Amino acid sequence: MLLRGMVGIGEASYSTIAPTIIADLFVGTKRSMIICIFYIFIPVGSGLGYITGAGVASLTGDWRWALRITPILGVVGLFLLVFLCPNPPRGAAETHGEGVSEQSSYLEDVKYLLKNKTYLWSTLGVTATAFLSGALAFWMPTFLSRAQVSQGLRPACVEEPCDSTDSYIFGAVTVLTGILGGILGSGLSRWLREKFPKSDPLICSSGLLGAAPCLFITIFVASTSIPATYVFIFFGEILISLNWAVMADILLYVVIPTRRSTAEALQISVGHLLGDAGSPFLVGAISDALSKSKPVSPEWSFHSLKYSLLVCPVVGILGGLFFFLSSLYIIGDRKAAAQLVEAGPREPQDPSSEPPIELSNGDKTNHEDNLSQSI
């Protein structure tokens, strides 16, 4: 419990702080690109976790060795953070390196966020996305294994180590769809944002609404065709992965720099508590309740899990509606955040240390261009 809690602290820290550091270093389309790269590696890491874990368990005959070997990657990450990660002033990218010095209490930050309707609705959309990711990551390899047992393609596993083929394949699919979905979502955002200011939440909405029928078909086609099941898993995960970079970018430009870490922390907390932390338990609880209604058998074990997974398409539809509602407010909230950054107080400078600088006409033009790009 203690060690697992320490892992959670590390995950919560990077998830909260890393996007805000990126926001302080980059602005405009370059920020969107860097955020895309950052969020691509989350599903890539998740997929590689399946592959590495299954491989280590197969080689050693004990799944526990996967948890003993993978922390080596954490040491590498710690080294890179300590020696290579910068810590720019909050809002440096939007204020040309000056930073935003405004201070506020945690309660003031929360009140500000509760009035930001884009943030509230998109947080519910993020929660739905996390719910789907958590449920699929936890249960899909088991579901695929039970489907094959139900079809007579594989004997039931009664003793460890069990066949880990499904974990290998599902991990590879997760890696590939994470890369493709992240690139596609970010590319659509950069292409459409100038023409359609509401495009970002609509991309997220379309991704979840499109994933819902793919997941529905996946659940029922598994009874007859495993290859077809993987095809619809592939398309469903691509559509879910459209969201990761885009929904992070939404938060960064509708919340002012000094409150972004609080916004990230609250969004991640809600997303984990109501999303990927609870979805595996909920699906499992429904499956257990259903399985008790009939005598235990491999066939009913598969069908009880199949029916419990139907909660995923429903949540996908709800998540799509949440992002659609956020699109109704995003233009106003984005303008309000940009105006607050430009009007906010700056760190006072010592007039004796540096003479005043007057912008030439060319400098003024460049400054105005940079400002319009950041807004």
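Tutor: Let's go label by label, setting values against cut-offs. This is a predicted model, where local features need pLDDT of at least 70, side-chain atom pairs count only at pLDDT 80 or more, and totals for chains, interfaces and linings use all residues. Residues are numbered from 1 along each chain as its sequence is written, and side-chain values use heavy atoms, with hydrogens and water left out.

Student: How many helices and strands does the chain have, and what makes a stretch count as one?

Tutor: There are 16 helices and zero strands. Both are DSSP runs, numbered from the N terminus: helices are H or I with at least four residues, strands are E with at least two.

Student: Why is H10 called largely enclosed?

Tutor: Buried means under 20% relative accessible area, exposed means over 50%, and partly exposed is in between (1.4 Å probe, protein chains only). Twelve of the twelve residues of H10 are buried, so the rest of the structure largely encloses this helix. Among them are Trp-244, Asp-249 and Tyr-253. For the whole chain of 375 residues, 43% count as buried.

Student: Which label does Val-82 get, buried or exposed?

Tutor: Val-82, found in helix H4, has a relative accessible area of 56%, so Val-82 is exposed. Leu-184, in helix H7, has 43%, so Leu-184 is partly exposed.

Student: What makes Val-82 part of a nonpolar patch?

Tutor: Patches take residues with over 30% relative accessible area and no salt bridge; nonpolar side chains (Val, Leu, Ile, Met, Phe, Trp, Tyr) are joined within 5 Å, like charges within 9 Å. Val-82 sits in a surface patch with Trp-65, Ile-69, Ile-72, Val-76, Leu-78, Phe-79, Leu-80, Phe-83 and Leu-84, and together they have about 1,000 Å² of accessible area. That area comes from the Shrake-Rupley method with a 1.4 Å probe; for residues, only the protein chains shown count as cover. H4 gives the largest share, eight residues, and helices H3 (64-69) and H4 (71-84) each supply at least two.

Student: What makes Asp-62 and Arg-64 a salt bridge?

Tutor: The rule asks for a side-chain nitrogen of Lys or Arg within 4 Å of a carboxyl oxygen of Asp or Glu. Here the closest N and O atoms are 2.9 Å apart, and the pair passes. Asp-62 has a relative accessible area of 21%, so Asp-62 is partly exposed; Arg-64, at 40%, counts as partly exposed too. By this rule the count comes to five salt bridges.

Student: What is the largest nonpolar core, and which residues touch the most other members?

Tutor: A nonpolar core is a set of buried Ala, Val, Leu, Ile, Met, Phe, Trp, Tyr and Cys residues joined through side-chain atoms within 4.5 Å. The largest one has 59 residues, and Val-255 and Leu-309 touch the most other members. Helix H6 (residues 117-150) gives the most to this core, twelve residues. In soluble globular proteins, nonpolar side chains tend to be buried together.

Student: What does Val-255 touch?

Tutor: Contact means heavy atoms within 4.5 Å. Not counting residues up to four places away in sequence, Val-255 touches Tyr-112, Leu-113, Asn-116, Tyr-119, Arg-260, Ala-263 and Ala-337.

Student: Why is Arg-260 called buried?

Tutor: Arg-260 has a relative accessible area of 3%, so Arg-260 is buried. This residue lies in helix H11 (residues 260-276), and its contacts beyond four places in sequence include Asp-24, Glu-94 and Leu-251.
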